[in-house]
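Open the model in your viewer and keep the sequence panel beside it. We will go from stop to stop, selecting a few residues each time.

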Amino acid sequence: MQRSDLHQHIITTAGNLFYYQGYNSTGINEIISKCDIAKATLYSHFKSKEDICVAYLKQRHGAFMNSLKDYVNQRTESKNQLLAIFDLLRDMYLEENFQGCWGIKTLGELSPDQTTILGVIQQQKKELLLYLGEVVGGNIANLSKAETEKISSGLYLLYESAVTESHLFKNDWPIFMAKSIAPLLITDMDLK
């Protein structure tokens, strides 16, 4: 296996373990065993389990953001683009063994001194929030910055709660509920 392929294999394998059984429950030896590599090989790619986790979070977030942008771009402008995030979430929920948000799941296991991983998760959530602001600004005419932030923050909070609650209840009703509430954020707005 080429070095770049092996690097990706480690991230994917460890990421699956982190997502399905938890960051703290996954040890380096288990990652090594599941990857079928030597300890020295793992450490030639990553200095620590934390570094693997950061790479995993970046990989998952990058794939998520690409999917979200595709979902938005496939829809005609206006309300359909604003609600695309809920359609993506429903498709993610329908995937096998949905465990909720990989970032929030990891966050719940962090100790106060694990600030590197915390910072990555915070940055990713900010990136999502900023992108939602772009979608709002691109679909609603004549909005002030404050109005854009209010609507995009509302969409973000509805999305985040739908992720958590759909995982908690092992049901997609929170996704449908969030999607049905979201248009209330744009009532009386001038959609483009």
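Start by selecting L168, which lies in helix α9; helices here are DSSP runs of H or I with at least four residues, strands are E runs of at least two, and both are numbered from the N terminus. L168 is exposed, with a relative accessible area of 55%. For this tour, buried means under 20% relative accessible area, exposed means over 50%, and partly exposed is in between, with a 1.4 Å probe and protein chains only.

A word on what you are looking at: this is a predicted model, in which local features need pLDDT of at least 70 and side-chain atom pairs count only at pLDDT 80 or more, while totals for chains, interfaces and linings use all residues. Residues are numbered from 1 along each chain as its sequence is written, and side-chain values use heavy atoms, with hydrogens and water left out.

**The nonpolar patch**

Which helix gives the most to the patch? That is α10, with three residues. Both α9 (145-169) and α10 (173-181) supply at least two residues each.

**Salt bridges**

Next, select D87, R75 and K179, which are linked in a network of salt bridges. A salt bridge here is a side-chain nitrogen of Lys or Arg within 4 Å of a carboxyl oxygen of Asp or Glu, and the count comes to four.

- D87 pairs with R75, their closest N and O atoms being 3.3 Å apart. D87 is in helix α6 (residues 84-94) and R75 in the loop between α4 and α5, 12 residues apart. R75 is partly exposed, at 22% relative accessibility.
- K179 also meets D87, at 2.5 Å from N to O. K179 lies in helix α10 and D87 in helix α6, so this pair ties together parts that are 92 residues apart in sequence. At 28% relative accessibility, K179 counts as partly exposed.
- R90 meets D172 at 2.6 Å, N to O. R90 is in helix α6 and D172 in the loop between α9 and α10, so the pair joins parts 82 residues apart in sequence. R90 is partly exposed at 26%, whereas D172 is buried at 15%.

**A glutamine inside**

Is Q124 buried or exposed? Its relative accessible area is 8%, so Q124 is buried. You will find Q124 in helix α8 (residues 115-139). Show the backbone of L57 as well: its oxygen lies 3.0 Å from a polar atom of the Q124 side chain.

**Two loop residues with positive phi**

Most residues other than glycine have a negative phi. Select S78, where phi is near 105°, in the loop between α4 (49-73) and α5 (79-82). S78 is buried, with a relative accessible area of 17%. Then move to N142, with a phi of about 60°, in the loop between α8 and α9. N142 is exposed, at 71%.

**The cysteines**

How many disulfides does the structure hold? There are zero, a disulfide being a pair of cysteine sulfur atoms within 2.5 Å. From C35, the nearest cysteine sulfur is that of C53, 14 Å away. C35 is buried at 5% relative accessible area.

**The annotated span and the whole chain**

Select residues 4-64, listed by UniProt as "domain: HTH tetR-type" (unreviewed entry); UniProt positions use the numbering here, feature names are shortened, and annotations may be inferred rather than shown by experiment. This span is 80% helix and 0% strand. UniProt also places a "DNA-binding region" (unreviewed entry) at residues 27-46, with end C-alpha atoms 14 Å apart.

Finally, zoom out. The protein chain has 10 helices and zero strands, and its C-alpha trace spans about 60 × 35 × 30 Å along the principal axes. Buried residues make up 45% of its 192 residues.

Conventions
A polar contact is a pair of N or O atoms within 3.5 Å; within protein, one must be able to donate a hydrogen and the other to accept it, and residues adjacent in sequence count only if both atoms are side-chain atoms.
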